[in-house]
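Q: Hi! I have a structure open and would like to talk it through with you. Shall we start with the strands and then move on to the helices?

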Amino acid sequence: MTLRIVLADDHQLVREGLRALLSRDAGLDVVGLAEDGAAAVKLVRHLQPDLLITDIAMPGLNGIEATRRVRAHHPSVQVICLSMHGDQRSVVTALQAGASGYVLKDASSEELLRAVRDVAGGRIYLSPGLMGGLVDEIRTRHRLPEAGTPIPAGPALTAREREIVQLFAEDLSTQEIADRLKLSAKTVATHRENVTRKLGVRGVAGMTRYALSEGLSEGGVSCR
């Protein structure tokens with residue numbers, strides 16, 4: 001059985017390099033290439049592949065949000081995230097979004113193929129060295145608080161609100177965001193008001209700081 005794959009990365013050379021690599025395996029068929037998260041979501045909806053391999057840091061709609069949308073609407077499509085970043089937050093966020101694999105971009109071709117086979121087989125794959133950080137994260141999150149200490153809860157932004165935060169952090173104007181998302185400027189402004197209220201921040205600068213802290217953006221610079 002041939003495994004059908006969609007690749008998403010905002011660098012053409014990376015996309016083509018990955019396609020060439022995966023195409024050496026007769027059991028793999030790269031059926032689509034996407035230049036960002038939004039294009040990846042559309043391709044998955046249209047092509048219904050078995051697997052999406054996506055970069056995390058992409059403009060417009062990042063790979064984490066793309067993973068969340070793909071897994072929500074196409075649960076049979078497995079996802080492997082690629083990144084230069086092996087920090088705990090990025091790995092945990094990708095897994096929480098629904099990814100079944102997390103591979104560092106300095107991995108060997110053999111490791112990527114191993115990740116593809118493992119995830120296609122219903123298993124979780126993490127690049128060597130990431131498991132220790134993940135265990136530390138789990139231990140930290142499950143540490144019992146002192147009696148009477150309230151457990152802090154993060155702001156619950158919707159998928160659309162996270163997308164708009166990323167676009168503001170990438171220095172797009174309200175009208176530019178409205179045009180890209182096919183919304184009215186008034187609707188974007190309403191989302192912006194809701195976001196700043198939920199986050200307790202002021203203006204684009206506050207949203208940008210939030211986007212940077214949450215890994216939604218690196219200030220408009222792709223983080224590879």
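Q: Which residue in E2 does Leu 3 stand opposite?
A: Leu 3 stands opposite Leu 28 in E2. Keep in mind that this is a predicted model.

Q: Thanks. How many bridges do E1 and E2 pair over, and is the sense parallel or antiparallel?
A: The pairing of E1 with E2 is parallel and runs over six bridges. With helix H1, residues 12–23, these two strands also make a β-α-β unit, and that unit is right-handed.

Q: And what's the strand order in the sheet?
A: The order is E2-E1-E3-E4-E5-E6, an open sheet of six strands with parallel pairing.

Q: Which strands stand at the edges?
A: Those are E2 (28–34) and E6 (125–126). Each has a single partner strand, so one side of each has no neighbour in the sheet.

Q: What holds paired strands together in general?
A: Strands of a sheet pair through backbone hydrogen bonds, in a parallel or an antiparallel way.

Q: Back to E6, then. How does it pair with E5?
A: E5 (residues 101–104) and E6 pair in the parallel sense over two bridges. Gly 101 stands opposite Tyr 125 of E6 there.

Q: Which helix lies across E4, E5 and E6?
A: That's H4, residues 88–97, which runs at about 150° to E5.

Q: New topic: H7. How many of its residues are buried?
A: Nine of the 11 residues in H7 are buried, so the rest of the structure largely encloses this helix.

Q: At what angle do H7 and H9 pack?
A: H7 (residues 159–169) and H9 (residues 185–199) pack at about 95°, and their axes are 10 Å apart. That angle makes H7 roughly perpendicular to H9.

Q: Which residues make that contact?
A: From H7, Arg 160, Glu 161, Ile 164, Val 165 and Phe 168. H9 brings Val 188, His 191, Arg 192, Asn 194, Val 195 and Lys 198. Sorted by type, the contact has five nonpolar, two polar and four charged residues.

Definitions and conventions: Residues are numbered from 1 along each chain as its sequence is written. This is a predicted model: local features need pLDDT of at least 70, side-chain atom pairs count only at pLDDT 80 or more; totals for chains, interfaces and linings use all residues. Side-chain values use heavy atoms; hydrogens and water are left out. Axes are lines fitted to C-alpha atoms, for helices over the stretch in contact, and angles run from 0 to 180 degrees between N-to-C directions. Helices (H or I, at least four residues) and strands (E, at least two) are DSSP runs, numbered from the N terminus. Angles under 35 degrees count as roughly parallel, over 145 as roughly antiparallel, 65 to 115 as roughly perpendicular and the rest as oblique. Contact means heavy atoms within 4.5 Å. Ala, Val, Leu, Ile, Met, Phe, Trp, Tyr, Cys and Pro count as nonpolar, Asp, Glu, Lys and Arg as charged, and the others, Gly among them, as polar. Two strands pair if DSSP finds at least two bridges between them. Buried means under 20% relative accessible area, exposed over 50%, partly exposed in between (1.4 Å probe, protein chains only). A crossover is right-handed if, with the strands pointing away from the viewer, the path from the first strand over the helix to the second runs clockwise.
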